[in-house]
Amino acid sequence: MSSDTDKVPDKGAPTPRPTAILHRTPWQPPVAVSGRGIYITLEDGREVIDAVGGAAVACVGNGHPVIREALKEQVDKLAYVYNMQLSNEPAEELARMLVDSGKGAFELCGFFAGGSEAMEGAIKLARQYWYEQKEPQRRNFISRHLSYHGNTVTTLSLSGHPTRRAPYDQILQHDNFHKVSPAYGKRFRRPEETEEQYVERLRQELENKFLELGPDTVIGFVAETVVGATTGALPAPKGYFKAMKSVCSKYGALFILDEVMCGMGRESPGLPRGAWNLTGGGDVGMGTTHAWESFGDNVPPDIQAVAKGLGGGYASIGAILMSKRVADGIRDKDGFWKHGHTYMAHPLSCAAAIAVQKVIGAENLLENGRQTGEYLASRLGERLQSPTALAQPIVFDVRGGGSFWAVEFDLNCPEGRQLDFKGQRLAMVVQARCLEKGLIVMGMTGGANIEGTEGDHIIFSPAYNIEIEEVDKVVEIFVDSLEQVLKESS
């Protein structure tokens with residue numbers, strides 16, 4: 001389903017040096033030595049454009065002077081304290097910033113070293129909430145097929161990502177983690193259904209799952225507000241999250257959102273292609289910090305996880321935010337969180353995140369990301385979906401919003417079936433060709449069916465401060481790479 005598993009020949013690349021790292025890819029990745037903004041210099045001297053922010057992480061690029069200075073100051077002041085013994089100023093300040101960002105939706109927050117840890121913490125916090133409420137029979141989570149919530153054993157159990165689950169399936173937890181259909185109308189909506197009827201069918205499916213498991217055994221429903229790697233920048237239909245929360249509310253379960261990839265301004269809205277017109281989604285002109293404000297029917301969660309864009313890659317950090325309901329449910333009972341890690345609320349990580357968020361605000365980067373994202377989408381549409389475009393027959397969708405976009409391909413059409421990629425997957429071949437030409441994008445596969453065996457897509461999630469001229473470079477290199485691959489495969 002992803003670049004984790006699809007081997008691609010490294011055409012014409014320099015011979016890699018020996019490494020002592022067990023890498024996550026079947027090929028040895030090039031070594032980066034420096035970076036500035038969206039540009040990264042490799043050890044062979046090549047400069048490449050990072051059009052995906054690593055993995056939707058580097059939201060302000062590399063080397064921002066304000067963030068560098070903030071980290072230096074914090075190192076000089078206080079490098080580390082253990083969170084079970086002492087709190088620290090950056091952690092307290094960042095927690096207040098995050099709670100306030102919800103405009104009343106959140107009461108408390110907790111910190112982690114990344115997204116998988118944050119989602120693991122969300123799972124345990126949700127269970128502790130019901131334990132404290134004297135409802136220990138609540139033991140079941142419901143999530144969705146074609147979802148991804150992290151790479152720990154528990155978060156993989158929650159995930160519906162077939163390829164990443166496969167090697168570990170025998171040790172994953174199946175009894176307490178259950179799945180319902182993805183909210184992917186372009187693939188799974190029936191021809192006779194309206195969007196409203198499709199949403200109602202999904203709502204009924206969720207309610208049926210509650211009834212099947214026993215409503216008083218369900219801890220909560222978990223979803224990515226905008227699906228990330230698995231299907232590629234995929235928003236749900238309008239009204240979907242309102243409908244899902246209505247089921248949770250009916251049976252008292254928690255409504256939990258994973259915004260590790262799509263949150264912290266990544267999906268700051270405009271009028272996105274492939275998504276619904278925004279209504280009631282906060283201050284659209286300035287963008288929104290949380291994806292649920294714009295792509296989630298403005299329905300706040302009981303628990304929310306964030307990471308990637310929180311620290312922008314300057315430090316490893318994730319967080320979970322909780323509503324007053326959940327906070328009071330813990331504080332009014334034992335009064336503390338029965339979970340933690342050594343590097344929770346690390347002063348350097350929190351200082352980096354504060355600096356990143358202040359830069360985003362001071363430089364109006366959510367608005368810049370919205371504008372450049374809309375421009376990226378329009379340029380991709382012009383180059384890929386016009387009647388004369390070489391790739392037009394196999395381009396299934398260009399979708400997303402803010403600074404988070406994807407191009408999905410459909411190779412089951414007559415033109416697609418004529419292509420021969422020599423046993424490789426299109427998304428992975430294009431990703432490799434882009435890198436040869438100086439562009440980093442994210443190629444993923446397996447998002448077109450529940451089994452994870454079909455579908456190819458390319459994700460773009462550049463820094464929020466990318467400039468219009470740089471967007472043009474990204475599109476030019478990407479389209480040139482894609483068209484070369486298609487001509488070679490005809």
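**Entry 1: a strand in the middle**

I began with a facing pair: Phe221 stands opposite Phe255 in β10. My strands (E, at least two residues) and helices (H or I, at least four) are DSSP runs, numbered from the N terminus. Before going on, I noted that this is a predicted model, in which local features need pLDDT of at least 70 and side-chain atom pairs count only at pLDDT 80 or more, while totals for chains, interfaces and linings use all residues. I also noted that residues are numbered from 1 along each chain as its sequence is written, and that side-chain values use heavy atoms, with hydrogens and water left out.

Next I checked the pairing, which needs at least two DSSP bridges between two strands. β7 and β10 run parallel, with five bridges. β10 and β11 are also parallel and share four bridges. There, Asp258 has Ala305 of β11 as its bridge partner.

How many residues of β10 are buried? I found six of its six, taking buried as under 20% relative accessible area, exposed as over 50% and partly exposed as in between (1.4 Å probe, protein chains only). Leu254, Ile256 and Asp258 point one way from β10, and Phe255, Leu257 and Glu259 point the other way.

**Entry 2: the nonpolar cores**

I then looked up the nonpolar cores, each a set of buried Ala, Val, Leu, Ile, Met, Phe, Trp, Tyr and Cys residues joined through side-chain atoms within 4.5 Å. The largest has 44 residues, and Phe221 is among the members that touch the most others, along with Leu94, Leu98, Phe111, Phe210, Tyr240 and Leu310. Elements that supply at least two residues each include α3 (89-101), β7 (218-224), β10 (254-259) and α12 (347-362). α9 gives the largest share, seven residues.

What does Phe221 touch, not counting residues up to four places away in sequence? With contact meaning heavy atoms within 4.5 Å, I listed Ile142, Arg144, Val180, Leu206, Tyr240, Met244, Cys248, Leu254, Phe255 and Ile256. A second, separate core holds 40 residues, including Tyr39, Ala377, Phe421 and Leu439.

**Entry 3: a covered helix**

Just after α15, Gly438 has a positive phi of about 100°.

In the loop between α14 (414-417) and α15 (426-436) I found Lys422, whose phi is near 55°, a positive value in a residue other than glycine. Lys422 is exposed, at 63% relative accessible area. Asp297 also has a positive phi, near 60°, but Asp297 counts as buried at 19% relative accessibility. The loop that holds Asp297 lies between α10 (292-295) and β11 (303-306).

**Entry 4: salt bridges**

I counted a salt bridge when a side-chain nitrogen of Lys or Arg is within 4 Å of a carboxyl oxygen of Asp or Glu. By this rule there are 32.

- Glu193 pairs with Arg201, with the closest N and O atoms 2.6 Å apart. Glu193 is buried at 9%, and Arg201 is partly exposed at 23%.
- Asp302 and Arg325 meet at 3.7 Å, N to O. Asp302 sits in the loop between α10 and β11 and Arg325 in helix α11 (residues 324-331), 23 residues apart. Asp302 is buried at 8%, while Arg325 is partly exposed at 32%.
- Asp456 bridges to Arg425, with the closest N and O atoms 3.5 Å apart. Asp456 is in β17 and Arg425 in the loop between α14 and α15, so the pair ties together parts 31 residues apart in sequence. Asp456 has a relative accessible area of 4% and is buried.
- Lys186, Arg187, Asp397, Arg399 and Glu408 are linked in a network of salt bridges.

**Entry 5: a hairpin**

Last, I looked at β1 (residues 32-36) and β2 (residues 39-42), which run antiparallel and are joined by four bridges. Ala32 has Leu42 in β2 as its bridge partner. Two residues lie between the strands of this hairpin, where Gly37 takes a positive phi near 60°.
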